[in-house]
Amino acid sequence: QVQLVESGGGLVQAGGSLRLSCAASGRTFSSYTMAWFRQAPGKEREFVSSIRWNGGTSTYADSVKGRFTISRDNAKSTLYLQMNSLKPEDTAVYYCAARTVLTGPYNVWGQGTQVTVSS
């Protein structure tokens, strides 16, 4: 089973940037649709962005569109999230997730990385 480990979170001022990484174990990373989710204190986990197995199609939540960019390097089994123009409302724990079955839910999750944006 694939395992996911996020990194790159931290404290940043509003308007700043961070790049999150998600390293995957296993040899089948390149066949999975991958995504980023986030969960702010007291709120439900929400979708941020996803990317198809070949990196050809990506989707974004309206709240991050134009500011965040998802990408992947299948040779390195790594997923990325470039976050620019960060806002205090982007503060959350960010999780990467894998969909290992083409039509199934996101069924493999990382442990999360904290992103805090100060105003």
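Which side chains meet in a salt bridge at 2.7 Å, N to O? They are the side chains of D90 and R67, where a salt bridge denotes a side-chain nitrogen of Lys or Arg within 4 Å of a carboxyl oxygen of Asp or Glu. This pair links distant parts of the chain, 23 residues apart: D90 lies in the loop between strand 8 and strand 9, and R67 in the loop between strand 6 (58-60) and strand 7 (68-73). Both D90 and R67 are buried, a class defined by under 20% relative accessible area, with exposed meaning over 50% and partly exposed the range in between (1.4 Å probe, protein chains only).

The structure is a predicted model, in which local features need pLDDT of at least 70 and side-chain atom pairs count only at pLDDT 80 or more, while totals for chains, interfaces and linings use all residues. Residues are numbered from 1 along each chain as its sequence is written, and side-chain values use heavy atoms, with hydrogens and water left out.

The overall architecture comes next. The protein chain has eleven strands and zero helices, giving the pattern β-β-β-β-β-β-β-β-β-β-β along the sequence. These elements are DSSP runs numbered from the N terminus, helices being H or I of at least four residues and strands E of at least two. The C-alpha trace spans about 40 × 25 × 25 Å along its principal axes. For 119 residues, a compact globule would have a radius of gyration near 14 Å, and the 13 Å of the protein chain agrees with this; the radius is taken over C-alpha atoms, and the globule rule is 2.2 Å times the number of residues to the power 0.38.

Of the 119 residues, 43% count as buried. The accessible surface of the protein chain comes to about 6,300 Å², of which 48% belongs to carbon and sulfur atoms; such areas come from the Shrake-Rupley method with a 1.4 Å probe, and for residues only the protein chains shown count as cover. Among contacts (heavy atoms within 4.5 Å) with a separation of 6 or more, 53% come from residues 24 or more positions apart.

A search of the whole structure finds four salt bridges. D90 also forms one with R38, the closest N and O atoms being 2.9 Å apart. Here D90, in the loop between strand 8 (78-83) and strand 9, is joined to R38 in strand 4, 52 residues apart. D90 counts as buried because its relative accessibility is 1%, and R38 is likewise buried, with a relative accessible area of 5%. Through shared partners, salt bridges join R38, E46, R67 and D90 into one network. K65 and D62 form a salt bridge with their closest N and O atoms 3.1 Å apart, and both of these residues are exposed.

C22 in strand 3 (residues 18-24) and C96 in strand 9 (residues 92-99) are 74 residues apart, so the pair links distant parts of the chain. Both cysteines are buried. The disulfide is right-handed because the torsion about its S-S bond is about 50 degrees.

Strand 4 (residues 33-39) also contains T33, which counts as buried at 8% relative accessibility. Leaving aside neighbours within four places in sequence, T33 is in contact with I51, R52, W53, R72, A97, A98, R99 and Y106.

Note on methods
Disulfide = S-S within 2.5 Å.
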